[in-house]
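Please read them alongside the coordinates.

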Amino acid sequence: MSAENGISRRTALMKLGVFLNGVIGVFLAVPIVRYLLSPVTRERKVGYDSWLSLGGLEEFPTGQTRLATYRNPLVNDWDGETGSIACWVRRVDNQTFQVFAINCAHLGCPVRWFPQSNLFMCPCHGGAYYQDGSRASGPPERGLFQYRYKIENGKLLIKAGEMPTPGQPVANTAGGKPACA
Ligand code: FES
């Protein structure tokens with residue numbers, strides 16, 4: 001083997017080693033860089049603490065109670081239609097709403113709104129609630145549960161990932177009016 005051949009082989013092996021080190025370095029660096037940039041590049045995922053829109057304010061005329069639906073923020077891809085959740089929206093005045101869970105406070109059957117009698121009625125055991133969600137008669141021991149809400153950019157948003165709470169004054173942390181039963 002000549003000295004010239006030995007040098008060129010050594011040079012080639014050195015270049016190959018530098019190249020392979022570079023490739024490995026890139027493989028190691030990619031996850032680290034992605035981790036460091038994640039606060040900037042990460043998509044904002046909808047979570048349990050998200051505010052979800054029920055629609056524009058014009059969909060809820062003052063003095064009326066309307067059915068609305070939202071998509072459960074904790075839904076999985078395979079949940080299908082079971083991920084859509086209904087609620088009742090009562091618009092008290094221009095800026096004041098009540099958003100009721102559709103489930104009866106007794107054993108959870110879906111209540112229906114009857115504008116003729118201004119009552120929510122439960123088909124299971126005859127529970128009834130006044131238009132403000134408070135208990136009227138029957139087995140339920142309390143009024144309908146309510147969601148926290150706020151108004152933003154002409155839309156009604158609710159804190160959909162939280163369990164609705166008993167119909168008591170609820171501090172609305174993000175600028176909406178408190179919901180009271
Ligand atoms: S579930 Fe509504 S009255 Fe029993």
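**Notes on the fold**

1. The chain contains one helix and ten strands. Helices (H or I, at least four residues) and strands (E, at least two) are DSSP runs, numbered from the N terminus. Read from the N terminus, the elements run α-β-β-β-β-β-β-β-β-β-β.

2. This is a predicted model, in which local features need pLDDT of at least 70 and side-chain atom pairs count only at pLDDT 80 or more, while totals for chains, interfaces and linings use all residues. Residues are numbered from 1 along each chain as its sequence is written.

3. On confidence, pLDDT is the predictor's own score for each residue, from 0 to 100. The chain has a mean pLDDT of 84, and 81% of its residues reach 70 or more. Over residues 168–181 the pLDDT is below 50, yet this stretch has 33 contacts in the model beyond near neighbours in sequence. Where pLDDT is low, the predicted coordinates should not be read in detail.

4. Burial and contacts for the whole chain come next. A residue is buried if 20 or more other C-beta atoms lie within 10 Å of its own, exposed if 12 or fewer, and partly exposed in between, with C-beta atoms placed from the backbone. By this count 23% of the 181 residues are buried. Two residues are in contact if their C-beta atoms, placed from the backbone, lie within 7 Å. Of the contacts with a separation of 6 or more, 47% are between residues 24 or more positions apart.

5. The largest nonpolar core has 24 residues, and those with the most contacts inside it are Cys87, Val99 and Leu144. Strand 3 (84–91), strand 4 (97–101) and strand 10 (155–159) each supply at least two residues of this core. Strand 4 gives the most, with four residues. Here a nonpolar core is a set of buried Ala, Val, Leu, Ile, Met, Phe, Trp, Tyr and Cys residues joined through C-beta atoms within 7 Å.

6. Leaving out residues up to four places away in sequence, isoleucine 85 touches Thr69, Tyr70 and Asn72. Asparagine 72 is 13 residues from isoleucine 85 in sequence, and their C-alpha atoms are 6.5 Å apart.

7. An open sheet of four strands has the order 5-6-7-8, with antiparallel pairing. Strand 5 (112–114) and strand 8 (135–137) stand at the edges with a single partner strand each, so one side of each has no neighbour in the sheet. The twist averages 35° from one strand to the next; axes are lines fitted to C-alpha atoms, for helices over the stretch in contact, and angles run from 0 to 180 degrees between N-to-C directions. Three bridges join strand 5 to strand 6 (residues 119–121), in the antiparallel sense, with arginine 112 opposite methionine 121 in strand 6.

8. An open sheet of three strands has the order 1-10-9, again with antiparallel pairing. Strand 1 (51–56) and strand 9 (149–152) are the edges, each with a single partner strand, so one side of each is left without a neighbour in the sheet. The twist averages 30° from one strand to the next. Strand 9 and strand 10 run antiparallel and are joined by four bridges; the bridge partner of glutamate 152 is lysine 155 in strand 10.

9. Lysine 159 lies in strand 10. Why does lysine 159 count as buried? Lysine 159 counts as buried because 24 C-beta neighbours lie inside 10 Å. Residues up to four places away in sequence aside, lysine 159 touches Trp51, Tyr147 and Arg148. Serine 53 is 106 residues from lysine 159 along the chain, and their C-alpha atoms are separated by 9.1 Å.

Technical notes. Pairing = 2+ DSSP bridges.
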